[in-house]
Structures are given as structure tokens and as C-alpha cells.
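Visitor: Hi, could you walk me through this one? I am new to it and would like to take it step by step.

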Amino acid sequence: MKVCCDDENIKYSQDLWSVLTKAKLVGAGAKQDAPYKGQAPHGAVLETIHAEATVNGHKGMAVVKRNYGGEGVSVDAVKKDPAKYLKAVTVMFKREAGYDPDNADWFWAKYKPDGSLDKNPKGMQLAGRVMKGADKGCIACHSAVKDKDYLFGKQS
Ligand code: HEC
């Protein structure tokens with residue numbers, strides 16, 4: 001099985017991004033949420049939004065995390081000018097059963113603010129079963145909260 005970051009998962013991440021854009025969860029027209037002080041490896045300030053989304057006919061829970069950082073970042077600064085501090089958008093999307101039964105069928109993606117995919121140091125575009133089986137990366141770290149459906153924050 002392809003683990004991640006192949007063409008199929010990259011294409012899927014683009015479909016997911018356009019659905020989230022229409023829902024005003026990401027992109028230039030994104031609605032503001034409630035920024036709070038975050039933690040590594042995500043941003044110094046974060047917003048986390050849970051919303052249902054339908055991608056290619058499949059309806060699932062999307063968890064969108066906006067990661068803010070940069071010089072002068074603070075909760076107030078982000079409230080005033082979110083675009084200035086937005087560094088990345090990390091998303092978990094609950095795929096159809098069987099997509100990744102070992103890891104609760106989550107699809108993982110890390111986008112830049114413009115919706116293009118971020119890459120890891122090896123140059124892999126981060127979309128799909130990201131770093132499945134490795135000792136680092138989305139799945140490895142989120143496995144610490146496997147019993148909470150891989151969610152550190154509130155459950156969907
Ligand atoms: C080293 C550990 C670690 C890695 C690697 C990591 N995360 Fe997270 N992630 C966290 C922590 C801790 C939180 C809770 C942050 C908070 O809200 O304060 C979190 C929260 C999230 C959330 C919000 C849902 C939740 O769990 O509360 C999403 C979505 C998310 N991460 C996506 C990703 C994606 C996609 C990747 C890979 C590109 C990734 N994460 C890599 C630790 C990690």
C-alpha cells in the first residue's frame with residue numbers, strides 16, 4: 001500500500017483544500033476563529049476548527065488547525081491581522097472506512113497558507129497517511145492520543 005504523498009493523495013489534498021475554501025475554513029476568505037496560545041510543533045498561536053466536509057462524495061469530520069508564528073506573534077496580533085502570521089494549515093480529515101484502518105482512517109495534510117502542500121526535509125509533499133510507520137511525523141506523534149481518536153484537543 002502506498003503510504004503517503006503519492007499523486008493520488010496529493011490530488012485528494014487539493015480536492016479537500018477546495019472544499020475547505022468554499023466552507024471559508026481556509027484561504028483568503030477564511031472566517032476568523034478564536035486564536036489561542038499554542039505549542040510545538042504546531043504554531044505559537046493556533047486556531048482549531050472542527051467541521052463536517054464532503055470530499056468526492058464522502059462526508060467526514062475535518063479538523064483544521066491554523067498555525068500562526070513569526071516575529072511579534074501573539075493572540076492579539078493574530079486577531080488583528082491573521083494573514084500576516086499564518087504559517088501553515090494542518091488538517092486531519094476522516095476518510096472512508098478502510099483508507100487507513102491502523103490509524104483510524106485519518107487523512108493528514110500540511111498546507112502553506114496559499115493551499116500548496118508543505119514538504120518535509122526529504123522533499124515529500126505532506127498529504128495522505130503521513131509518515132505512517134515512521135517514528136516521527138503526524139501519525140507517530142498523534143498516536144500518543146490514539147485512545148482519543150488521535151486528537152489532542154477536544155474530540156469531534
Ligand atoms: C511532535 C508531535 C506532533 C506532530 C509531529 C504533529 N502534531 Fe498535530 N498536534 C500536536 C499537538 C500537541 C496538538 C495540540 C495542539 C494544541 O491545540 O495546543 C496537535 C493538534 C493537531 C490538530 C488539531 C486536532 C487535535 O489533535 O487537537 C491537527 C488537525 C493536527 N495536529 C494535524 C497535524 C498534521 C497534519 C501533522 C503532520 C503534518 C501533525 N499534526 C504533526 C502534536 C503533533
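Visitor: Let's start with D100: is it buried or exposed?

Guide: Before anything else, please keep in mind that this is a predicted model. In it, D100 is buried, with a relative accessible area of 0%.

Visitor: And which residue does D100 form a salt bridge with?

Guide: D100 forms a salt bridge with K132, and the closest N and O atoms of the two are 2.6 Å apart. The pair links distant parts of the chain, since D100 is in the loop between β4 and β5 (106–111) while K132 is in the loop between β6 (127–128) and α4, 32 residues apart.

Visitor: K132, then: buried or exposed?

Guide: K132 has a relative accessible area of 17%, and it is buried because the limit for that label is under 20%.

Visitor: What other salt bridge does K132 form?

Guide: K132 also forms a salt bridge with D102, where the closest N and O atoms are 2.6 Å apart. Here too the pair links distant parts of the chain, with K132 in the loop between β6 and α4 and D102 in the loop between β4 and β5, 30 residues apart. D102 counts as exposed, at 51% relative accessibility. Through shared partners, the salt bridges join D100, D102 and K132 into one network.

Visitor: How many salt bridges does the count come to?

Guide: The count comes to eight salt bridges. One of them is formed by D149 with K94, whose closest N and O atoms are 2.9 Å apart. D149 lies in the segment after α4 (138–142) and K94 in strand β4 (residues 86–94), so this pair ties together parts that are 55 residues apart in sequence. D149 counts as partly exposed at 21% relative accessibility, and K94 counts as partly exposed at 22%.

Visitor: Changing topic, which residues coordinate the iron atom of the ligand?

Guide: The iron atom of the ligand is coordinated by H42 and H142, through the NE2 atom in each case, at 1.9 to 2.1 Å. The site is octahedral, with angles of 86 to 180° among the six donor atoms. H42 lies in the loop between β1 (36–37) and β2 (45–55) and H142 in helix α4, so the two histidines tie together parts that are 100 residues apart in sequence.

Visitor: Are those two buried or exposed?

Guide: H42 counts as partly exposed, at 27% relative accessibility, whereas H142 counts as buried, at 12%.

Visitor: What about aromatic pairs, how many are there?

Guide: A search of the whole structure finds four aromatic pairs. Among them is the tilted pair of Y12 and F93, at 6.4 Å centre to centre and with 35° between the planes. Y12 is buried, with a relative accessible area of 8%, and F93 counts as buried at 0% relative accessibility. W17 and Y111 form another tilted pair, at 4.6 Å centre to centre and with 45° between the planes. W17 lies in helix α1 and Y111 in strand β5, so that pair ties together parts that are 94 residues apart in sequence.

Visitor: Which residues do the ring pairs link into a cluster?

Guide: The cluster is made of Y12, F93, Y99 and F107, linked by ring pairs.

Visitor: And which charged ends sit over the ring of Y99?

Guide: The charged end of R95 sits over the ring of Y99, 4.2 Å from its centre, and the charged end of R129 sits over that ring as well, 4.2 Å from its centre.

Terms used. Residues numbered from 1 in each chain as written. Predicted model: local features only at pLDDT ≥ 70, side-chain atom pairs only at ≥ 80, totals over all residues. Heavy atoms only, no water. Salt bridge = Lys/Arg side-chain N within 4 Å of Asp/Glu carboxyl O. Helix = DSSP H or I, 4+ residues; strand = E, 2+ residues; numbered from the N terminus. Buried < 20%, exposed > 50% of the residue type's maximum accessible area, 1.4 Å probe, protein only. Donors = N, O, S within 2.8 Å, 3.2 Å for Na, K, Ca; no water. Tetrahedral: all angles 85-135°; square planar, octahedral: opposite > 155°, others 65-115°. Phe/Tyr/Trp six-rings, centres within 6.5 Å; stacked < 30°, edge-to-face > 60°. Lys NZ or Arg CZ within 6 Å of the ring centre and 35° of its normal.
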